[in-house]
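User: I have a model open and would like to learn how to read its features one at a time. Can you take me through it?

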Amino acid sequence: MISSRPAIRAVVFDLDDTLAESKSTMHPDMSAALAALLERVEVCIISGGRFEQFQAQALNGFEASEDALGRLHLMPTCGTRYYRWGDGDWALQYAEDLSDDEKSRAIAAVEEGARALGLWHPEPWGPIVEDRGSQITFSALGQQAPVAEKVAWDPDGAKKRALWEYVSPRLPDLEVRGGGSTSIDITRKGIDKAYGIAKLQEARGYALDELLFIGDRLDETGNDYPVYALGVTSVPVHGWRDTHAAVTALVAWLDEPSGELPVTTLPPLGE
């Protein structure tokens, strides 16, 4: 039976804890599966991280044909930057950076809040606050903290929630939201992964029902939730092995699309 749903034109992925472990390079098996998917449909990776993080985690050792790379879309800092492959290199299509005033106020507010709440780590693994151009990111344990330390830091999200409640009213003109397991991201108002999806639609002409999103933070407080709330068919995963299994099933289905999608998706909101 041929599937009755619209054709999937692009699969969109979160990066950390979806395609790769946090701040780690993609496993070779995941890299190979992603390359196979690119031979069949367009792929977008969208994350709060900066482009250099994409390079280290997703592009380091990634092998795909020139044609396949041309179908890969990279959207760092939730789509406020957009890169495409061309002439043998990654080219920036646009950047929507914060002003110097917005950056300085964001940095001051998040540091003040972290110190006031006892969340400023005395011996972090790398920078705690990072200027990503279009985004200011607070990483409670530092940018290079070990995965195990990050997982254990705030298992119920209470620490990040308290910091958000402190910072958000002090920056009413900016967007403050949870990022990864230990991070808070600050951007211009309305900037989240749904914003990035809208920019991708604008650039490529996708309809929402032609997209499939795969991410690990699709709960209501997660940074992938705005994509689900936008109406994109979404697949929840818990780590790259789940993602690898989903991509492997998708590749087989795209070769012979019969019946429903071969992955578990969340029900549309409201059902």
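This is a predicted model: local features need pLDDT of at least 70, side-chain atom pairs count only at pLDDT 80 or more; totals for chains, interfaces and linings use all residues.

User: How many residues lie between S8 and S9 in the hairpin?

Analyst: Four residues separate the two strands of this hairpin.

User: Is strand S8 mostly buried or exposed?

Analyst: The working cut-off is that a residue under 20% relative accessible area is buried. In strand S8 (residues 174-178), four of the five residues are buried, so the strand is largely enclosed by the rest of the structure.

User: What is the order of the strands in the sheet that holds S8?

Analyst: The order is S6-S7-S9-S8, in an open sheet of four strands with antiparallel pairing. Strand S6 (129-131) and S8 are at the edges; each has a single partner strand, so one side of each lacks a neighbour in the sheet. On average, neighbouring strands here are turned by 20° against each other, direction ignored. Inside the sheet, strand S7 (residues 136-139) pairs with S9 in the antiparallel sense through four bridges, and Phe138 has Ile184 in S9 as its bridge partner.

User: Which helix packs on this sheet and touches S6, S7, S8 and S9?

Analyst: That is helix H4 (residues 100-116), whose direction makes about 15° with that of S7. Helix H6 (residues 158-167) lies across S7, S8 and S9 and runs at about 30° to S9.

User: How should I think about side chains along a strand?

Analyst: In a regular strand, side chains alternate between the two faces of the sheet. With that in mind, turn to the other sheet. It is an open one of seven strands, in the order S5-S4-S3-S2-S1-S10-S11, and its pairing is mixed.

User: Which strands stand at the edges of that sheet?

Analyst: Strand S5 (89-95) and strand S11 (233-236) do; each has a single partner strand, so one side of each is left without a neighbour in the sheet. The twist from one strand to the next averages 25°. Further in, S2 and S3 run parallel and are joined by four bridges, with Ile45 opposite Leu74 in S3. Helix H2 (residues 51-59) lies across S2, S3, strand S4 (81-86) and S5, at about 135° to S3.

User: What does Leu72 touch?

Analyst: Leu72 belongs to strand S3 and is buried, with a relative accessible area of 1%. Leaving out residues up to four places away in sequence, Leu72 touches Leu38, Val43, Ile45, Leu59, Phe62, Tyr83, Arg84 and Trp90.

User: At what angle do H1 and H9 cross?

Analyst: Their axes cross at roughly 30° and come within 9 Å. That makes H1 roughly parallel to H9. The crossing is left-handed. On the H1 side the contact is made by Asp29, Met30, Ala33, Leu34, Ala36 and Leu37, and on the H9 side by Trp240, Thr243, His244, Val247, Val251 and Leu254. By class, this contact of H1 with H9 has nine nonpolar, two polar and one charged residues.

User: What should I expect of phi in the backbone?

Analyst: Most residues other than glycine have a negative phi. Asp17, not a glycine, has a positive phi of about 65°. Asp17 lies in the loop between S1 and H1 and is partly exposed, at 27% relative accessible area. Asp87, also not a glycine, has a positive phi of about 55°. Asp87 sits in the loop between S4 and S5 and counts as exposed, at 85% relative accessibility.

Note on methods: Residues are numbered from 1 along each chain as its sequence is written. Side-chain values use heavy atoms; hydrogens and water are left out. Buried means under 20% relative accessible area, exposed over 50%, partly exposed in between (1.4 Å probe, protein chains only). Two strands pair if DSSP finds at least two bridges between them. Axes are lines fitted to C-alpha atoms, for helices over the stretch in contact, and angles run from 0 to 180 degrees between N-to-C directions. Angles under 35 degrees count as roughly parallel, over 145 as roughly antiparallel, 65 to 115 as roughly perpendicular and the rest as oblique. A crossing is left-handed if the near helix is turned anticlockwise from the far one by less than a right angle, and right-handed if clockwise. Contact means heavy atoms within 4.5 Å. Ala, Val, Leu, Ile, Met, Phe, Trp, Tyr, Cys and Pro count as nonpolar, Asp, Glu, Lys and Arg as charged, and the others, Gly among them, as polar.
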